[in-house]
Amino acid sequence: MNTNSNAYIIIYSAIMVVIVAFLLAFVYQALKPMQDANVALDVKKQILYSLNIRNLDGAEAEAKYAEVVKEEKENNSQKVYECQIDGKQIVVVSLKGMGLWGGISGYLAVDEAGKVYGAYFNHEGETAGLGAEIKDSQEWQEKFIGKKIWDEQGNVVLSVVKKVDDPATQVDCVTGATLTSNGVDAMLKDGMKDFQTYAIGRMLETVANTDSTKVVEE
């Protein structure tokens, strides 16, 4: 066969494409279980971060997650995690929204009183040192701790603002990242509004159980 002919080049190229495609598919399938395990571990770590549990390696994170997360549920397409820490019932809810350059996400931990127990936020492509601070700055995430989420009418009052007027419900936006901060604010408003019914029911259940315990003890 004439190796300089067009037919030879086309056939050779086609065979090489098939071989490379097969090898790539094989490698992808071989590595997929490991990739899936890494993704699952990353999700568990993010949930632990929202519970203020950090700096754990893979094995420690797996063990701690199994210890504190008692049940995984779904509420209107939101993932909900029933947790117990130091005798406290904490509920972690997943959040999704849009930042400046792409999707943002997070986990918000809610205590029995309807306040923020902890928070963790993530992003797909925000600017390093600016919008990316929603993920990279533990100090900023910790500003949410103790904030009130809903008012007496059930409206979401937790917010991210340029100027804090109500320290009980508001958090300063990330410096230089107003649009990303607005995205976090909108994500909280939408996500916690959807989560409101579940959370209020959960809090009423906790109160009822507490009152029943008191009656039994009396």
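Predicted model: local features only at pLDDT ≥ 70, side-chain atom pairs only at ≥ 80, totals over all residues.
Residues are numbered from 1 along each chain as its sequence is written, and side-chain values use heavy atoms, with hydrogens and water left out. Local features need pLDDT of at least 70 and side-chain atom pairs count only at pLDDT 80 or more, whereas totals for chains, interfaces and linings use all residues.

Trainee: How many of the residues of strand 4 are buried?

Mentor: Strand 4 covers residues 103–110, strands being DSSP runs of E with at least two residues, numbered from the N terminus. Buried means under 20% relative accessible area, with a 1.4 Å probe and protein chains only. Gly103, Ser105, Tyr107 and Ala109 are buried on one side, and Ile104, Gly106, Leu108 and Val110 on the other. Strand 4 is therefore largely enclosed by the rest of the structure, the count of buried residues being eight of the eight.

Trainee: Which residue in strand 5 is the bridge partner of Ala109?

Mentor: Two strands pair if DSSP finds at least two bridges between them, and strand 4 is joined to strand 5 (residues 116–123) by seven, running antiparallel. On strand 3 (residues 88–98), which pairs with strand 4 in the antiparallel sense over eight bridges, Val92 stands opposite Ala109. In strand 5, the partner of Ala109 is Gly118.

Trainee: With the side chain of which residue does the side chain of Glu82 make a polar contact?

Mentor: Glu82 lies in strand 2 (residues 78–85) and counts as buried because its relative accessibility is 7%. A polar contact is a pair of N or O atoms within 3.5 Å; within protein, one must be able to donate a hydrogen and the other to accept it, and residues adjacent in sequence count only if both atoms are side-chain atoms. At 2.4 Å, the side chain contacted by that of Glu82 belongs to Tyr198.

Technical notes. Helix = DSSP H or I, 4+ residues; strand = E, 2+ residues; numbered from the N terminus. Buried < 20%, exposed > 50% of the residue type's maximum accessible area, 1.4 Å probe, protein only.
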